[in-house]
Amino acid sequence: MSLLKNVGTIGSLTMVSRIAGMAREMIFSRVLGANAVTDAWFQAFIIPNVFRRLFAEGAFSAAFVPMFSKRLNGEGGIEDARSFSADVLSVFLPVLIALCIVFELAMPGVIWILAEKPVEPGQFDLAVDFARIMFPYILLVSLVTLFTGMLNSVSRFAPGASFPIILNLVLIAALLAGEYFMNATGASIEQVAYGVAWAVTAGGVMQLGWLYYWTRVEGFRPKLLWPRITPEVKRLSIIALPAAIGGGAYQINTLVQLYFLNQLESGSVSYMNYADRLNQLPLGIIGIALSTAILPTLSKFVGSENKEGADRIQSDAIELSMLLTIPAAVALAICATPFITMIFQGGRFSVEDAAIAGGVLAILVLGLPAYVMVKVLVPNFYARSDTKTPVYAAFISLGVFVAFNIAFLQRFGVEGVALASVIGAWINVAFLYVVLLKRGYYSVPLALVGRIARQLVAAAAMGAALWFARDLLTGWYSAGLLARLAALLGLVLCSGIVYFGVAFAVGAIDRQRIAALTKKKAP
């Protein structure tokens, strides 16, 4: 399968999940708004999510899937693969249980480290309660990730791609039920937030049941054995740990970011969450899809010492990622407040809240190309079994992020936190590329530099058109549902037509490469 086809498949499935997540956030903003309670809820929700992204979905999958596939396709076949997965599960589950117990007991300390000074009385206790309710989700979703890796190894992608939708639907149901009880019985925002927290864990149970069913269908039949540290389980751990840190710079920054946001006024954590939800949409669809698609092919070319093939795949990934990410960043920056208003404003989320969150988004998306480039460059190191270099990049980026937060926090508030995140992301990209260049692994060809420059020209033209269109539709953004949808569709169509029209006209798109990428066989 071609790179473009792989990215299209993974990206489209990810888009469904992201849209469901967007719907969840839209309802969340209207039902609960942006206040001390939602700050506490988001703060608690971030903790298991960061662990999930760092260890379960990213690093564990990167380490487990190749090892599992090797056994599945080797002489031992499915029996060898079953034995390996049983060994991993039998060690993995006790570790997860122990991790949950430790964090449940230490949660007040964890929240204190992140929050230090609760903005309003009771917010600290709420955050601790919410985090204790939701933290078991990391155990559940980690097992889901194990089963997803097994299914992906036999090209059964749908169950693993669809499980995030289950959680979103459960949370939407909990929020709608909460709104009903608030109107019918006078239930408080705190009570509804508790219900939504319990829904997170309930959704995790449903996700685990869904994936367990499909692993049984495929004949794997996961089972628990007495835990034993086999050489392969030990090797899996050694590979996964640095990969978690190196590939999760963005998630590490999220925890540090939470600490700084908690030093600001009430609502800051919520504003960043709503802005980041839109920022994550192209990051998930483009960045994650590309990093997933290119790793196997890069590994193959690196293993066969085919530098030309590896360079071609890397260049294709960079070109395709920038072709889609640059216009997304420009559009989100120019129309940040309109997009936030159209999607989130309403109910307990005011126009003023939308304006603040929009300002945060306009800054945050300046780093969107960098976030995606990290996803695209890191596989070049993983293909060479180098998980240490991304760790160094992560810590350098983190240091820059902390330094600029200290400099910007009091002067710029929540927007300063967003700006520090942007600077840290670009430093991360610069470090990774310089290392690739110095080691002779990869150098950006001049032809690609030229096409990216032309993409910037097309994006500038699109930005000018959006600036004009944005002001024409001002009254539509906070109007009724149909008016908002019409305005959103109008802005999207305007940006798409202008960008791709100009891109083709100025040669920002290599038509021959696109034709080659769409062939059934890789070029």
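**Note on the predicted model: salt bridges, a pocket and selected residues**

1. The side chains of glutamate 319 and arginine 451 form a salt bridge, 2.9 Å from N to O. A salt bridge here is a side-chain nitrogen of Lys or Arg within 4 Å of a carboxyl oxygen of Asp or Glu. This pair links distant parts of the chain: glutamate 319 sits in helix 11 and arginine 451 in helix 17 (residues 446-472), 132 residues apart. Helices are DSSP runs (H or I, at least four residues), numbered from the N terminus.

2. Before going on, note the basis. This is a predicted model, in which local features need pLDDT of at least 70, side-chain atom pairs count only at pLDDT 80 or more, and totals for chains, interfaces and linings use all residues. Residues are numbered from 1 along each chain as its sequence is written, and side-chain values use heavy atoms, with hydrogens and water left out.

3. The cut-offs are under 20% relative accessible area for buried, over 50% for exposed, and in between for partly exposed (1.4 Å probe, protein chains only).

4. Lysine 307 and aspartate 311 meet through their side chains at 2.7 Å, N to O. They are about one helical turn apart, because 4 residues separate them in helix 11. Lysine 307 is partly exposed, at 41% relative accessible area.

5. Arginine 470 pairs with aspartate 471, the closest N and O atoms being 3.4 Å apart. Arginine 470 is buried, with a relative accessible area of 16%. Aspartate 471 is partly exposed, at 45%.

6. Now the second largest pocket. Its space comes to about 970 Å³. There are 29 lining residues, and the closest to the pocket centre are Leu281, Leu332, Phe339, Leu488 and Val492. A pocket is defined on a 1 Å grid over the protein atoms alone: an open set of points where a 1.4 Å probe fits, with protein on both sides within 12 Å along at least five of seven lines; lining residues have an atom within 4 Å of a point. Grid points are joined across faces, edges and corners, and the volume is the space filled by probe spheres set on the points.

7. Which elements give two or more residues to this lining? They are helix 1 (3-32), helix 10 (268-303), helix 11 (307-334), helix 12 (336-344) and helix 18 (481-506). Helix 18 gives the most, with 9 residues. By class, the lining has 24 nonpolar, 2 polar and 3 charged residues. Ala, Val, Leu, Ile, Met, Phe, Trp, Tyr, Cys and Pro count as nonpolar, Asp, Glu, Lys and Arg as charged, and the others, Gly among them, as polar.

8. Threonine 325 lies in helix 11 and is buried at 0% relative accessible area. Its C-alpha atom is 6.9 Å from that of proline 282, 43 residues away along the chain. Threonine 215 belongs to helix 7 (residues 189-217) and is buried at 0% relative accessibility.

9. Alanine 505 is in helix 18. This alanine is exposed, at 67% relative accessible area. Alanine 505 and alanine 458 are 8.9 Å apart, C-alpha to C-alpha, and 47 residues apart in sequence.

10. Last, the surface. Ile97, Ile101 and Leu105 make a nonpolar patch of about 310 Å². Patch residues have over 30% relative accessible area and no salt bridge; nonpolar side chains (Val, Leu, Ile, Met, Phe, Trp, Tyr) are joined within 5 Å, like charges within 9 Å. Areas come from the Shrake-Rupley method with a 1.4 Å probe; for residues, only the protein chains shown count as cover. Isoleucine 101 is placed in helix 3 (residues 77-115). With a relative accessible area of 47%, isoleucine 101 is partly exposed.
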